[in-house]
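I wanted to know how the parts of this assembly meet. I went through the contacts one by one and kept notes.

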Amino acid sequence: MTALNEELKRKIIDVLNLEDITPTDIKDDEALFDEGLGLDSIDALELIVLMDKDYGIKLTDPKLGKSIFQSIETMVAYISENRTK
Amino acid sequence: MTTQGVWRPDFFSEAREIDQAITTADQPSYKGLASPAAIRRMSRGMKMGMYAAQQALGETAVTVPDAIITGTGLGCSEDSDKFLRSMWENDEQFLTPTSFIQSTHNTVAAQIALQLSCKGYNVTHVNGASSFESALLDTLLLLTSGEHKNVLLGGIDEIAEQTYAFLQAAGYIKASGLRETVKNSLSPGVNYAEGAQFFSMGVDQTETSYGEVVDVALQNELDIPEAGSFLQDFLTTNDIQPTAIDAVILGYNGDENDDLFYNALQQELPLTTPLYYKHLSGQFDSCSAFGLAAAAFILKYQTIPPVLYWNEKNPAKTTWKNILIYNHYRGKDHTLVLVRTC
Amino acid sequence: MSSGSIAVTGIGLISSIGSTVEENLQAIVAGKHGLSRVVNFPTRLREHIWVGEIKRSNDQLSDNLDLLRPHAFTRTGLLGAFAARQALKSANINDVNQLRTGFISSTSVGGMDYTERYGSTYLTSSEWHRYIPSHPAGDSSHKIAKYLGIKGFVTTVSTACSSAANAIMMGARLIHAGRLDRVIVGGADALSKFTINGFHSLLILSDEPCQPFDKQRKGLNLGEGAAYLVLESQKSVKQGSKNVLAYLTGYGNANDAFHQTASSDDGEGAFLAMKKALAVAQLRPQEIDYVNVHGTATPNNDLSEGRAMQRIFKNEIPSFSSTKPFTGHTLAAAGAIEAVYSILALQQNLVFPNLHFNTPMEEFDMIPQTTIQYRSASHVLSNSFGFGGNCSSLIFSKA
């Protein structure tokens with residue numbers, strides 16, 4: 001697990017208030033939405049703000065979020081490539 | 001869901017008197033109340049409301065009510081506070097929608113509808129101290145017009161740190177650190193608390209019925225001398241003599257000016273046993289729902305828990321048929337509710 | 001009209017397109033919208049959004065109402081008092097307590113505009129403490145009732161963006177039950193940083209003027225305003241020889257029970273609300289001449305509402321339009337403002353245009369009325385939907 005993966009999982013658990021879940025419970029390639037971790041559209045909006053606030057990445061189109069927020073892996077890849085802070 | 005814990009048969013015998021400025025409601029475990037995904041976002045008010053709603057429905061055969069009607073004075077203050085603070089702290093940046101969505105006053109009623117898949121009438125009334133009675137009136141309208149057979153009715157208000165701090169700064173809530181009760185209150189302001197009270201209301205009497213709500217009246221403002229005519233008009237409308245009122249549940253809260261209204265009304269009912277409850281519930285906009293719960297308890301068990309007696313005027317009655325509930329706050333939002341055995 | 005109908009005898013309205021009912025009508029007929037950048041208060045979102053803002057300051061509104069300063073009216077209360085006063089005048093009511101008269105208002109913002117402005121000082125200075133009790137939603141109703149001199153039944157409804165429609169419904173039911181002779185019903189909401197940032201965080205604000213029912217729609221524009229109707233019983237109308245502007249013949253509220261904010265794909269809640277309203281009015285869907293749709297121009301609302309209309313009206317969808325491109329979405333006030341517009345449609349025999357519509361949606365071939373249409377209308381349906389799946393429909397019929 002890379003440092004960014006670990007950091008991102010902690011942040012997600014924190015902002016989405018995922019009680020009883022630890023970073024090790026979230027697999028890197030597991031789906032974050034629906035059948036995976038079970039996140040929903042409101043969570044997606046929270047993640048968009050997380051990307052902006054913590055990594056300086058602005059996503060204005062919620063549809064774009066869908067492919068980026070597939071899993072921890074896809075998020076980490078996108079953050080690594082586009083982060084401004 | 002109250003400062004006295006959850007509703008149960010020994011609710012009043014185990015009750016403790018409130019003697020501090022702000023008292024939180026005892027929170028039970030909310031595990032299993034809703035899906036973990038839904039519950040993680042919920043504020044106390046939402047959880048308390050859903051818990052109390054489930055408990056009320058649990059006492060009846062109703063699984064999905066025809067309508068859900070709630071009353072709340074301050075709504076979902078916790079989420080409202082959170083969004084506001086975040087807006088101040090980050091200067092309108094990095095705002096997330098969850099607390100905004102949940103700051104809406106009808107959040108609890110909507111969440112219960114979502115949980116129960118209840119597609120019926122769903123309205124939230126928000127009018128200070130008469131929020132709950134507005135919801136109760138709405139319930140009566142639905143049931144007496146024959147539109148609906150049963151309604152889930154609730155009153156919810158939650159403590160939110162910032163909102164309560166503001167109310168304290170404005171002198172509405174007593175200063176922190178004081179140990180005053182309703183009866184020995186000397187300082188200005190009132191002891192505040194929070195709670196969620198739900199009732200399953202139906203047109204038909206069932207084995208589990210506590211009693212019948214006959215009528216409710218609301219009045220935005222009154223002067224103390226007008227309290228008597230407000231009462232008389234209500235009794236006349238309902239064709240009942242003052243002497244037929246066995247007990248009157250008064251909203252005494254320890255505020256000198258507020259309590260003058262309750263004294264005035266009590267004088268109009270010299271033969272009626274006066275009761276009070278805010279020493280147990282604390283003050284909050286929908287706290288009069290606690291008064292209705294107390295009335296329901298008395299009607300069902302035909303006994304008055306000693307902790308509710310306002311004074312020594314407690315004649316040895318054996319039956320309690322008609323009970324009146326009178327509430328107001330700061331001279332506004334006066335309400336009368338008449339309940340009786342069924 | 002059947003004896004059970006509720007008469008509308010007065011209307012009052014203030015929005016970004018006018019400070020009177022007449023001004024609103026003229027603006028709509030002229031196709032003149034009220035959208036602009038936010039100017040009444042500073043916000044970071046200024047250049048990113050369009051709003052239907054009323055270009056009168058709180059002091060101007062206060063002076064117009066002859067209020068003695070200092071007072072603790074928030075903007076919601078000021079706008080509400082401004083519109084409610086007109087409604088009483090329009091109904092020729094001089095002594096408001098002559099009959100059993102109630103007041104049912106609605107708001108979602110309440111006094112948040114002052115809390116967000118001064119709240120951060122409340123714990124360190126008492127300068128603005130008079131606004132602390134102005135925060136709760138019920139406070140503006142009390143202030144407006146007091147301003148109008150109403151002593152009696154006063155209450156407030158808050159169900160997000162369907163609030164005013166539910167306040168109107170509650171008033172009608174109180175008259176039906178014989179508890180009131182007449183009642184002033186409606187709603188008021190002021191623009192605030194809180195709400196514009198809230199809707200912005202949901203990514204449903206458009207950076208352009210909104211385009212309801214258009215394929216390219218990008219979201220909504222917020223607005224502010226207030227509107228009130230005077231509802232009277234048939235008996236009260238007869239006794240006072242009152243001029244009836246229209247009848248409120250149908251109403252219904254239902255819950256979508258689908259999602260905290262989003263509407264269901266098939267518009268179940270909206271479908272049920274319209275169905276209930278038609279049943280109360282004892283009308284067949286084909287008898288509706290015009291639908292003033294909720295039409296916020298969010299991708300989700302318009303699709304869901306359109307589907308619900310298809311389910312109700314089948315292949316015969318009546319003329320419909322959203323008036324939100326004129327006023328912006330005025331939240332709790334929207335149901336009342338659009339109720340007044342529905343009544344104007346009946347009185348003036350016209351269907352309002354749905355501005356900025358260019359391209360039909362892919363999902364269905366529903367095309368709103370894009371130009372002003374003069375036609376006789378007997379029954380108008382008005383939709384208002386809010387967060388928490390709250391769906392309400394009202395039907396007004398020609399007097």
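My entries on the interfaces follow.

I worked on a predicted model, where local features need pLDDT of at least 70, side-chain atom pairs count only at pLDDT 80 or more, and totals for chains, interfaces and linings use all residues. Residues are numbered from 1 along each chain as its sequence is written, chains are lettered from A and ligands numbered from 1 in the order in which they are written, and side-chain values use heavy atoms, with hydrogens and water left out.

**Entry 1: the two domains of chain B.** I looked up the domain assignment, which gives domain 1 (36–202) and domain 2 (212–340) in chain B; such bounds come from an automatic or database assignment. I found the C-alpha centres of the two domains of chain B 23 Å apart. Domain 1 of chain B puts 31 residues into the contact and domain 2 of chain B puts in 33, contact meaning heavy atoms within 4.5 Å.

I then noted the buried area, the accessible area (1.4 Å probe) that two parts lose on being put together, summed over both. Between domain 1 and domain 2 of chain B this comes to about 2700 Å², with 64% from carbon and sulfur atoms. On the domain 1 side, B:Ala129, B:Glu133 and B:Val182 supply 24% of the buried area, more than any other three residues.

How many salt bridges cross between domain 1 and domain 2 of chain B? I found zero, taking a salt bridge as a side-chain nitrogen of Lys or Arg within 4 Å of a carboxyl oxygen of Asp or Glu. There are 11 residue pairs in polar contact across this interface, both residues at pLDDT 80 or more. A polar contact is a pair of N or O atoms within 3.5 Å; within protein, one must be able to donate a hydrogen and the other to accept it, and residues adjacent in sequence count only if both atoms are side-chain atoms.

**Entry 2: chain B against chain C.** I counted 61 residues of chain B and 63 residues of chain C in this contact. The buried area is about 5100 Å², and carbon and sulfur atoms give 59% of it. Within chain B, B:Glu92, B:Phe100 and B:Lys119 lose the most area to chain C, together 13% of what that side buries.

The salt bridge count between chain B and chain C is eight. I looked at B:Glu92 again: this residue forms a salt bridge with C:Lys193, the closest N and O atoms being 3.8 Å apart. Polar contacts link 28 residue pairs across the interface of chain B and chain C, with both residues at pLDDT 80 or more.

**Entry 3: chain A against chain B.** Here 15 residues of chain A are in contact with 11 residues of chain B. I noted about 1100 Å² buried between chain A and chain B, 52% of it on carbon and sulfur atoms. A:Ile42, A:Glu46 and A:Val49 supply 40% of the area chain A buries against chain B, more than any other three residues.

Which side chains meet in a salt bridge at 4.0 Å, N to O? I found A:Asp20 and B:Lys31. The count between chain A and chain B is four salt bridges, and seven residue pairs are in polar contact, both residues at pLDDT 80 or more.
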